[in-house]
Structures are given as C-alpha cells and as structure tokens.
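Welcome, and thanks for taking a look. Below is a friendly tour of one structure, taken a region at a time.

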Amino acid sequence: MDFVDTHCHLNDEKFSADLIETFERAKSAGVNRIINFGDTLKSSAAVVELAEKFSGMFAGVGIHPEEISDFDKNSAEKIIALAKNKKVVAIGEIGLDYYWEKDSEKRLQQQKIFIEQLEIARTVNLPVCIHEREAHGDALKILKAEAKNLRGVMHCYSGSLEMAKELWKMGWLIGVDGPLTFKNSAKLPEIVKAAPQDMILIETDSPYLAPVPNRGKRNEPAFVVDVAKKIAEIRNETLENVAQYTTKNAENLYNIKVE
Ligand code: NI
C-alpha cells in the first residue's frame with residue numbers, strides 16, 4: 001500500500017535526534033511521501049532545505065496565524081522566493097486561530113495576513129493548506145471572497161458537517177488527523193462518513209496529535225496509517241481502498257512526483 005502524510009513538521013526539534021530513522025519507519029509502513037509545513041519564515045526555509053535532501057519529502061511555506069508577528073513588508077517576497085523551489089508544493093500553513101488569539105485587533109490582523117498569503121498562492125500558482133481553529137465563520141467568508149480559483153485543504157478539520165459540505169461544494173478538501181481515533185472525536189466520524197471520496201486527505205500533523213494506539217506520544221508520519229485504518233472502519237471500506245483514494249487525492253492537489 002502507498003500512503004501520503006500530507007501534513008507534518010519533521011523540522012521540529014523533537015525529530016533532531018532521529019529524523020532519518022523516522023523517515024525510514026514511514027517508508028516501511030508504506031508512507032512513501034510526506035509534506036512538511038513551515039509556520040514562520042525560518043521554519044519555512046528549514047522545510048525547503050529538508051525537502052531538498054530527501055526523495056519523497058516535500059514542503060509547504062507560509063506563516064501560521066499564531067506567528068504573524070513574523071510577517072512584515074518583506075515577507076511576501078521571501079515566501080515567493082522560497083516557493084520557487086520545485087520541492088515546494090503548497091502555501092501553508094496559513095489561516096486563522098481564534099482559539100489562541102482572543103484579541104479582536106489581532107484577529108483582524110490574522111485575517112489581513114491570511115488574505116495576503118492567499119494572494120501569494122495565486123501569484124505562485126500553488127494550492128493552500130489552511131490552519132483554522134474556532135474561526136469557522138470568518139475562514140469560510142474569506143475563502144468565499146478571496147480564494148476564487150485557488151485550491152486547497154482545511155487541515156486538521158475541526159468544523160461542522162455543514163461547513164464541510166460548503167467547502168466540498170467549493171472544491172476544498174478536509175484533512176483528517178489523529179483526533180478521528182480519539183474517544184472524544186465528537187462530530188468528526190460523522191463528517192468523515194459523509195465526505196465524498198475525492199475530498200479527504202490523511203495527515204498526522206507530527207509531532208502533535210498522535211492517533212490511537214500512540215495517543216500522547218510523539219507523532220510521526222508512519223502513524224498516518226492508523227488514521228487511514230479508522231477512516232476505513234468508519235466508512236466500511238478496505239484499508240487498501242482508503243490508501244488508494246487518499247493518495248490519489250494528495251497527488252491531485254499537490255505536485256508530489258518522485259523523480
Ligand atoms: Ni501543522
């Protein structure tokens with residue numbers, strides 16, 4: 001079977017001691033391709049550098065909503081420069097995080113920088129990976145108004161079924177991670193069950209959110225198989241089938257050809 005971990009952070013210091021082994025374990029589990037995402041300019045440069053070293057490793061570049069103090073008048077130009085590397089397959093993770101940001105002025109600032117980075121995606125013609133937490137309404141509003149002709153995924157999806165249906169209608173995918181396997185996964189199983197086959201990506205968000213049976217431990221790309229297993233169980237499909245269509249979805253969204 002062939003899986004893609006469409007969202008992780010192997011540049012995190014938690015992998016500094018065993019990055020090569022982690023990537024080898026992923027490959028042994030059938031996770032042959034992964035996409036690392038930056039969240040600051042510095043980490044965006046780091047994921048590009050990492051992607052250049054490993055076949056099967058790709059990168060997304062952008063500034064995370066919790067890191068917008070990093071965004072200044074030169075940032076767009078720097079992100080565009082990084083995005084020109086052929087291992088860069090996405091702009092992300094970008095978006096809105098109202099869970100951590102309660103200040104209304106700063107939330108407005110997040111919106112402004114989110115829109116600016118959507119513009120970058122348009123400039124460099126890349127899909128978008130969105131981080132969105134407790135900002136469902138504003139995120140949807142911005143996508144409707146500012147993301148015409150862009151493609152992408154709502155990573156680590158935490159919205160409602162109604163919102164997911166709107167996203168699917170607009171051609172946006174949802175990213176499904178470890179929380180699907182948690183006992184308190186709330187409405188996520190129902191959303192996964194309702195999702196059209198071509199609208200789901202699997203991801204780990206490593207080193208965070210390890211799925212059961214490794215919940216609470218450091219997450220790693222090999223564990224994306226546990227997310228796929230849970231999807232298969234919920235949707236009453238075979239694991240082979242889930243591997244096949246989620247990989248195809250990843251290939252259709254991102255240009256992740258291994259040379
Ligand atoms: Ni992430």
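## Salt bridges along helices

E233 and K230 sit three residues apart in helix 8, about one turn of the helix from each other. Helices here are DSSP runs of H or I with at least four residues, strands are E runs of at least two, and both are numbered from the N terminus. The side chains of E233 and K230 meet in a salt bridge, 3.3 Å from N to O; the term stands for a side-chain nitrogen of Lys or Arg within 4 Å of a carboxyl oxygen of Asp or Glu. E233 counts as exposed because its relative accessibility is 56%, whereas K230 is partly exposed at 23%. For these words, buried means under 20% relative accessible area, exposed means over 50%, and partly exposed lies in between, with a 1.4 Å probe and protein chains only. An α-helix has 3.6 residues a turn, so residues three or four places apart point the same way.

A word on the source: this is a predicted model, in which local features need pLDDT of at least 70 and side-chain atom pairs count only at pLDDT 80 or more, while totals for chains, interfaces and linings use all residues. Residues are numbered from 1 along each chain as its sequence is written, and side-chain values use heavy atoms, with hydrogens and water left out.

How many salt bridges does the structure hold? There are 13 salt bridges. One of them pairs D138 with K141, the closest N and O atoms being 3.5 Å apart. D138 and K141 are separated by about one helical turn, because they are three residues apart in helix 5 (residues 136-146). D138 is partly exposed, with a relative accessible area of 22%, and K141 is exposed, with 56%.

E237 and R235 also meet through their side chains in a salt bridge of 3.2 Å, N to O. R235 counts as buried, since its relative accessibility is 14%. Elsewhere, D18, R25, R218 and E220 are linked in a network of salt bridges.

## The nickel site

Which residues coordinate the nickel ion? The donors are H7 (NE2), H9 (NE2), E93 (OE) and D205 (OD), at 2.1 to 2.3 Å. Donors are N, O and S atoms within 2.8 Å of the metal (3.2 Å for Na, K and Ca), and sites may look incomplete because water is not among the atoms. Along the chain, the nickel donors follow the spacing H-x1-H-x83-E-x111-D. H7 in strand 1 (residues 3-8) and D205 in the loop between strand 8 (200-202) and helix 8 (224-235) link distant parts of the chain, 198 residues apart. Both H7 and D205 are buried.

The site is irregular, with angles of 85 to 177° among its four donor atoms.

H155 lies in strand 6 (residues 152-155) and is buried, with a relative accessible area of 3%. Leaving aside residues up to four places away in sequence, H155 touches several residues, including H7, E93 and D205; contact means heavy atoms within 4.5 Å. The side chains of H155 and E203 are joined by a polar contact of 2.6 Å. A polar contact is a pair of N or O atoms within 3.5 Å; within protein, one must be able to donate a hydrogen and the other to accept it, and residues adjacent in sequence count only if both atoms are side-chain atoms.

## Backbone details

The peptide bond from G92 to E93 is cis, with omega near 5°, and E93 lies in strand 4. A cis peptide bond also joins V212 and P213, with omega about 10°; P213 is in the loop between strand 8 and helix 8.

D205 has a positive phi, near 60°, in a residue other than glycine. A186 has a positive phi near 50°, again in a residue other than glycine. A186 lies in the loop between strand 7 (173-176) and helix 7 (188-194). Is A186 buried or exposed? A186 is exposed, with a relative accessible area of 68%, whereas D205 is buried at 10%.

Notes: Four donors count as tetrahedral if all angles lie between 85 and 135 degrees; four count as square planar and six as octahedral if opposite donors are over 155 degrees apart and all others between 65 and 115; anything else is irregular.
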